[in-house]
Amino acid sequence: MIYYICSTCGVQYEGANEPPENCIICSDERQYVPASGQKWTKLEDFQKGQYTNEIVEIEPNLYSIHTKPQVGIGQRAYLVCTPGGNILWDCITYLDEEIIKTINNLGGIQAIALSHPHYYSTIVEWAEVFDCSIYIHHADKEWVTRSSARYIFWEGENFELNPDLILINTGGHFDGSTVLHWKKGTQSNGSLLVGDTIFIVPDPGWVSFMYSHPNRIPLPAHEVRKIKQILQNYDFDSIYGAFESHIKYGGKEAVMKSADRYLYHLGR
Ligand SMILES: [Zn+2]
Ligand SMILES: [Zn+2]
């Protein structure tokens, strides 16, 4: 039995003797199957010393974790350490003894929470190793590629993981697209961890919103209005996005004015 992993997106599938016919994540118009065709790999293929997971403390109690050299689309996970427990926000495909030891020294992982399917990676492997649950919004249940009793499919607009951390379903990129609000982040001014539900653009202090990032498909106005309206209810200074991106200060203002700019350009 092999747990095949899509080489392009890094998402692991149900155990089987043969790889799946296609990857549902990459066949979707928000992602892509490369011109060279669908390829598969497995976790064992990575564990030969050529890959490492780098973990960096980017502000007190917040760590970013990513694999070198790049795996999948270069996903990055964050470990948020709070008095109520450590949460792994989003996930990465590669998992080895070293990162397990490092994370256990930081207190382990009490829950894994996902922004959207492009980060599903090897969530079940991580949840098994750290003996924790996996939180995914109910609206994205159809995108889960490997079954497990560890999933908690939460419903509604928000879900409190612990007194410091709230999952917020904004929709947009995916119906279940979720951001994580960390009340005590950034000197207690609040942080928002967004996956690519909100995309931090190169121009400092601005963000964007896309249905598909690689294929440049925009979101309709009503979806952007909804994201703005939902996030109006939360205070946050910093935003931690996909890959390396972050906004250090003025994050809420950046989201509000960027939503207005986006709507203006859609309408003109
Ligand atoms: Zn894929
Ligand atoms: Zn995405």
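In this predicted model, helix α3 (residues 97–105) packs against helix α4 (residues 123–130) at an angle of about 55 degrees, and their axes lie 11 Å apart. That angle makes α3 oblique to α4. The crossing of α3 over α4 is right-handed. From α3, the residues in the contact are Ile 99, Ile 100, Ile 103 and Asn 104. They meet Trp 126, Val 129 and Phe 130 of α4. By class, this contact of α3 with α4 holds six nonpolar residues, one polar residue and no charged ones.

On the α6 side, the contact uses Ala 221, Val 224, Arg 225, Lys 228 and Leu 231. On the α7 side, it uses Lys 252, Val 255, Met 256, Ala 259, Asp 260, Tyr 262, Leu 263 and Leu 266. The contact of α6 with α7 divides into nine nonpolar, no polar and four charged residues.

| Helix pair | Crossing angle | Axis distance | Handedness |
|---|---|---|---|
| α3 and α4 | about 55 degrees | 11 Å | right-handed |

**Sheets**

Strands β2, β1 and β3 form an open sheet of three strands, in the order β2-β1-β3, with antiparallel pairing. Strands β2 (12–16) and β3 (40–42) stand at the edges. Each has a single partner strand, so one side of each is left without a neighbour in the sheet. The twist averages 40 degrees from one strand to the next. Strand β1 (residues 2–6) runs antiparallel to β3, and three bridges join them. Within β3, Lys 42 is the bridge partner of Tyr 4.

Another open sheet has six strands, ordered β11-β12-β13-β14-β19-β20, and its pairing is mixed. The edge strands are β11 (158–162) and β20 (246–247), each of which pairs on one side only. Inside this sheet, strand β12 (residues 165–169) and strand β13 (residues 178–182) run antiparallel and are joined by five bridges. Ile 168 has Val 179 of β13 as its bridge partner.

Strands β8 and β9 pair in the parallel sense, over three bridges. Ala 111 stands opposite Ser 133 in β9. Strand β9 (residues 133–137) is mostly covered, with four of its five residues buried.

**Loops and backbone geometry**

Where does the chain carry a cis peptide bond? The bond joins Lys 68 and Pro 69, with omega about -15 degrees. Pro 69 lies in the loop between β5 (62–68) and β6 (76–82).

Asp 90 is not a glycine, yet its phi is positive, at about 60 degrees. It sits in the loop between β7 (85–89) and α3. Is Asp 90 buried or exposed? Its relative accessibility is 1%, so Asp 90 counts as buried.

Ser 121 is another residue other than glycine with a positive phi, near 35 degrees. Its loop runs between β8 (111–113) and α4. Ser 121 is buried, because its relative accessible area is 2% and the cut-off for buried is under 20%.

**The surroundings of Trp 143**

Trp 143 is found in the loop between β9 and β10 (151–154). With a relative accessible area of 12%, Trp 143 is buried. What does Trp 143 touch, leaving out residues up to four places away in sequence? The list is Ile 24, Ile 25, Asp 28, Arg 30, Pro 117, Tyr 120 and Phe 174. Trp 143 and His 118 are 25 residues apart in sequence, and their C-alpha atoms are 9.4 Å apart in space.

Notes: Residues numbered from 1 in each chain as written. Chains lettered and ligands numbered in written order. Predicted model: local features only at pLDDT ≥ 70, side-chain atom pairs only at ≥ 80, totals over all residues. Heavy atoms only, no water. Axes fitted to C-alpha atoms, helices over the stretch in contact; angles between N-to-C directions. Helix = DSSP H or I, 4+ residues; strand = E, 2+ residues; numbered from the N terminus. Parallel < 35°, antiparallel > 145°, perpendicular 65-115°, else oblique. Left-handed = near helix turned anticlockwise from the far one by under 90°. Contact = heavy atoms within 4.5 Å. Nonpolar A, V, L, I, M, F, W, Y, C, P; charged D, E, K, R; others polar. Buried < 20%, exposed > 50% of the residue type's maximum accessible area, 1.4 Å probe, protein only. Pairing = 2+ DSSP bridges.
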